[in-house]
Amino acid sequence: MKKAYLFLLFVVGCMSFSIAQVTVKGTIVSESDGMPVPGAYITAKSQDQKEVFTVSDFDGNFVIENLSKEGVLNISSLGYQTVDFSYKGNQEVNITLKDVASTLDEVVLIGYGSAKKGDLTSSIGIATNVKSLESRPVKDYKNFLQGNIAGVTVSNAGGDPSGGADIRIRGIGTFNSESPLIVVDGVPNGPVANANDIASISVLKDAASASIYGAQAGSGVIVIETKKGKIGKPKLRVNYYTAIESATNLPTPLTAKQQAEVYNTAADNAGSPRQSAHDATQNPYGQVNRTNWIDAIFRDAKVNNLNLNLSGAGKAYNYYTSFAFRDREGLLKGTSTQEYNLRLKADYDITDKINIGENVYLSRSEAYGTNTDNPYSGTIINAIYMPSASPTRYADGSFAGTAPEDLSQFAGAYGDVYNPLALLLRPNKKSPSTYLVANMYLKYDILDNFSFKTNYSFLYREVNRKEFYPKVPELGRTNPQNSLSESSTVYDKWIWDNQLNYNKSFGEHKVEATVIYSAQKMINNSISVSGTGFAIEDPYYQYIHNATTVKKPSNSPYEVALTSAIGRLMYNYGDKYYVSGSYRRDESSKLHVNNQSDNFQSISAGWRISKESFFNLEVINDLKLRGSWGEIGNINTVGNYSFDVPIANRDVVLGEKPNFYGIPGSYVARNENPSLKWERIESLDFGLDATLFNHSLNLTADYFEKTTKGMILPGLSDPHQGISPASVNGGEVKNTGFEIALSYKNKIGNLNYNVNTNLTSLKNRLVNLEGYGSIGQVTFIHGENVRSVLKPYQTRVGGELFTPFLIPYLGIFQNQAEIDTYVKDGNLIQPKAKPGDFKFQDTNNDGKISEADKKYYAAYQPKITYNFGLNLDYKGFDLGMIFQGVGGVKAFNGYKYTTYNASLSGYNLDNRVLGAWSETNTGSNIPRLSTKDDNKNFGTTSSWYLENASYLRIKNVTLGYTFSKDIMDRVANGASLRMYLSGENLLTFTNYSGLDPEVGGRGLDVAKYPVARTLSLGLLLSL
């Protein structure tokens, strides 16, 4: 009986103990904007009066268990006022924190997680004012990032709607293509999100922050998190804007009469007979101005953009659904983009320990661009070439040529010119693209402070291209052959990450450990086919089986696999001393089996001086010093099978009467290099973060060194083999620089204002070319050129990558005496020069002008990038302004080679040649007009083409008004409405003579598609 009684007491005691177990879960949000507060510390007393602790996740959610029946939760988070919240029994709560402004208190996205900026020891940039994405008519996040983050350079390669922008993080590190890894909602190479979906953007700039992504992160990492729903009733948001885009600073061709006069003068100056085509009596047709071809191809383009999203959250679920439609005409006729985006994002608490989520993104787009880079067939440059005497079309609707058929004897005088409007409108092009990303995850809280997450992503992309080119019958650059080309590319990829997290605080110690195993595989296959000789050119006949001749199809399949083991440890003592380290081992199929694996590690440390007892400066609210070192491999520069011997196919033309496409054959295309390894990037960073003057001024400053080792280069050719050389690890590149970012916010009465600015100084240098060391080669010649005549780029050891290597231009000979006195040992240095011709420097003092006189000049990569922003808010009105610029930039203006040069094929010219040198206009920097280029004024790759492309741009001005809550509540309770007017790329201050100083690429400009000035009017409605 006694045993039974004791057993009963034990059971009752256990039940009582069980009943006393109390769990409180909830969400913590910011009072200022209702956004979740991640990383908040929640402490309370357990039933045995011991302290228990947890941290809110990225969405502000938390669960704290084993509490006493009633008590107080203490919620603290840097940047917010500490709150004591009373509870009684099991509860689900919503807690609001008031802001205390400091950039060190921001929670930022890092690799495989998030952290407070104040706890970071590496260099991570945070995109400010992400909310402005809803009001700016930007194409995507890239344009938004331009000038927004120190150390991040965004360069638009023109405004072609089918093109994009280049992003460089802390400089160029390789001769190969490089772009940062984009991680969207935790998915590497995830979809480029609809700009309105973006909640935050972080840029992992140094190796210590990016190394956790290993060999994929050699060019830095951009981490994007999309929006989620907020607790409360469902929210419907509608964002619509309409815009007009226009081109500015466009060139002007010569009129018909001016073209005739210019070429007659050029013939006289050359001592050549005038051409009959430019004689008003023989060819009066050629004297009549019919078309300004620049005006004929450009237009004011319309943009319509609609974004809808429906979101909400409850106690155990969260959802966000968005739909976007964008219809954008290009500035050039016949160019445009149409895009549809759909996102379905949700997560659910299955139990108090298990959370699942999904994120599905679907995009469908079609873009119609045009070629503006080619100096032969570029649309804009052909609009200069085409004679102004020609109409756009003849009376029968056909496209006009350089001359009508009945005046064909004069056509040759105008050169082999394409009708630029026909270049835009004649081809029938289609290029639909479909992109699908499905991401699913499960998170399980195994024990207190110990969790597991598995995340599986599937990416699928399909791009189909169909281009039909009809015959070109008009005089100029005729083509009697029509053609059709079709291609299809299918890309699919899966990524599976399994992650263990441990987060523990004990006393003054805080430890966070992350371990990840990641695997991914990508399969890509593209196939293309082309044919010629279509009897009918109507759309219904434009199919490959109707071609008279079909070329053998080609395809380029490949597979790439990558597995990774990853570890990271972050330690914090008393919020004063920080240490963090990471390790990653990658194994890639891109390399030979002996070199497939490599290890990458990083270490960083920080000291929060302001937490020390001896620190007592009232003006400084927070101050932290940090330093980091790390290394990453760059797998993106490695070809898919670079280590192997590829077999290539080619048609061989044999016999006296060969088939047009020849006989198919196979051959070894390139040597092998089983020793090839990926490039390796080593990074060193020292920085400080501070807030001053009662948290109103925030400062971040960094000094960095970024070194690329084992840069991949094409090997040296062996003339005895007759095949291309293998790639080799052959060089080292170093980037060094300073970054500083400042922001200040305050208020004057009802006027709130925020000023921010950042500046980056960068120096780039090729340290060595060890791969060529066996023969002592210290230069690398690049292939970029203008009509195979001007080849401006060469990199030398000790200099910048893609350095202009040019013969110095000294001015213009004003008279014969200057020519006669420019001698060496009594001989004329430029014997073919005449007054009005260029004077070049005999750099090597050998008495002649040759390739040996070339010198190195400053490269296109900006030495300084800067940004200034101002935001004002007054009683519902808001005004935002962004100024963005670059300094120390030199662009090679190859546009001048053909558009200022009368010695080529008779093309029409830019009307600036009317100011060319003459005896009555000796102050010009354009050489005399001549149909001969005996002195090689234009044929010399000289510094005359190199221009200062530095600029300051009024990037954006946005004026908005938000209707008061009282007014909107009458429409619908909780509704809001904001109307805004925005201008993008409003004004550019520059000395560059081309269309736009932002030419992109290496800085070679042959009339790029210009960046548009955009004026938009929109509304943002929330219900």
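Modeller: Let's start with a definition: a cavity is a set of points on a 1 Å grid over the protein atoms alone where a 1.4 Å probe fits but cannot get out. Points join across faces, edges and corners, and the volume is the space filled by probe spheres set on them. This is a predicted model, where local features need pLDDT of at least 70 and side-chain atom pairs pLDDT 80 or more, while totals for chains, interfaces and linings use all residues. Residues are numbered from 1 along each chain as its sequence is written, and side-chain values use heavy atoms, without hydrogens and water.

Colleague: How much space lies in the largest cavity?

Modeller: A search of the whole structure finds 7 cavities of 30 Å³ or more. In the largest of them, the space comes to about 190 Å³.

Colleague: Which residues that line the largest cavity are the closest to its centre?

Modeller: A lining residue has an atom within 4 Å of a cavity point. The largest cavity has 19 residues of this kind. The closest to its centre are Ser122, Ala208, Ser209, Arg568 and Ser580.

Colleague: Which elements each supply at least two residues of that lining?

Modeller: Helices (H or I, at least four residues) and strands (E, at least two) are DSSP runs, numbered from the N terminus. The elements to look for in the largest cavity are helix 3 (207-210), strand 29 (558-573), strand 30 (577-588) and strand 31 (597-607).

Colleague: How many residues in the lining of the largest cavity are charged?

Modeller: Asp, Glu, Lys and Arg count as charged; Ala, Val, Leu, Ile, Met, Phe, Trp, Tyr, Cys and Pro as nonpolar; the others, Gly among them, as polar. The lining of the largest cavity has 7 nonpolar and 10 polar residues. Its charged residues number 2.

Colleague: Which strand gives the most to the lining of the second largest cavity?

Modeller: The second largest cavity holds about 90 Å³ of space. Of its 16 lining residues, the closest to its centre are Lys205, Asp206, Ala207, Ile681 and Lys706. Two or more residues come from each of helix 3, strand 35 (679-692) and strand 36 (697-714). With 3 residues, the most comes from strand 36.

Colleague: How many residues in the lining of the second largest cavity are charged?

Modeller: Here 7 lining residues are nonpolar and 4 are polar. The charged ones number 5.

Colleague: In the hairpin of strand 47 and strand 48, which residue takes a positive phi?

Modeller: Two strands pair if DSSP finds at least two bridges between them. The hairpin has 2 residues between the strands, and a positive phi near 45 degrees belongs to Lys875.

Colleague: What is the bridge partner of Phe877 in strand 51?

Modeller: Strand 48 also pairs with strand 51 (residues 951-962), antiparallel over 10 bridges. Across from Phe877, the partner in strand 51 is Tyr961.

Colleague: Which residue in strand 16 is the bridge partner of Val184?

Modeller: Strand 13 (residues 181-184) and strand 16 (residues 221-226) run parallel and are joined by 4 bridges. Val184 is partnered in strand 16 by Ile224.

Notes:
1 Å grid on protein atoms, 1.4 Å probe; cavity = no way out; pocket = protein on both sides within 12 Å on 5 of 7 lines; lining within 4 Å.
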